[in-house]
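Dear colleague,

Please find below the structure that I am handing over to you. My findings follow directly after it.

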Amino acid sequence: MKHFEEQLTEIQADQFGRASAALLSHGAQSLPTGIKERLHAARMKALSVRKAEKVRVQTRILAGATGNWGSQSSGLWDAMSWVAPLAVLVFGLIGIAQWQDNSRINDIAEVDAALLSDDVPPDAYADSGFMAFLKHGPLSDADDSATDSLSSK
């Protein structure tokens with residue numbers, strides 16, 4: 001009974017597995033065809049539902065400057081990992097605001113240059129009659145004659 005309680009070494013377990021597989025393969029050759037097919041189908045079904053094995057990866061873990069155990073050993077790079085994207089975001093937003101301000105200033109300068117270089121004085125644009133004249137165009141000849149007859153009376 002003591003022999004069964006002892007643990008097998010890896011080499012012994014591997015040898016036992018190979019010997020068992022050889023005996024089972026030899027015995028499977030003498031089975032009828034129907035039983036072989038059912039055993040094959042059961043094996044395929046069992047393999048399809050088996051869970052994937054977890055792969056263990058060994059990495060060296062060192063204690064950081066704070067005394068915490070982690071896979072990264074440099075506190076400077078830990079700080080840079082979140083400070084750098086934040087700095088890029090802030091400078092990007094500042095750049096966008098500057099670009100919008102410059103665009104707005106250029107648009108206003110173009111309007112000012114158009115007003116100052118036009119033949120019409122800038123005060124004319126503030127006159128409501130001039131704005132109506134620009135929207136509707138000059139008065140027709142019939143309207144001119146009607147206004148002339150009213151003004152002569």
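Arg-104 and Asp-101 join their side chains in a salt bridge, at 3.2 Å from N to O; the term denotes a side-chain nitrogen of Lys or Arg within 4 Å of a carboxyl oxygen of Asp or Glu. The model is a predicted one, in which local features need pLDDT of at least 70 and side-chain atom pairs count only at pLDDT 80 or more, whereas totals for chains, interfaces and linings use all residues. Residues are numbered from 1 along each chain as its sequence is written, and side-chain values use heavy atoms, with hydrogens and water left out.

Arg-104 and Asp-101 are 3 residues apart in helix α4, about one helical turn; helices are DSSP runs of H or I with at least four residues, strands runs of E with at least two, numbered from the N terminus. Arg-104 is partly exposed at 47% relative accessibility, and Asp-101 is partly exposed at 34% (buried is under 20% relative accessible area, exposed over 50%, partly exposed in between, with a 1.4 Å probe and protein chains only).

The structure holds 2 salt bridges. Asp-14 and Arg-18 also form one, at 3.3 Å from N to O, and both residues lie in helix α2 (residues 10-28), 4 residues apart. Asp-14 is partly exposed at 41%, while Arg-18 is exposed at 59%.

Helix α4 (residues 75-117) also contains Leu-93, which is exposed at 52% relative accessibility.

As for the overall fold, the protein chain has 6 helices and 2 strands, in the order α-α-α-β-β-α-α-α from the N terminus. Of its 153 residues, 1% count as buried.

Yours sincerely
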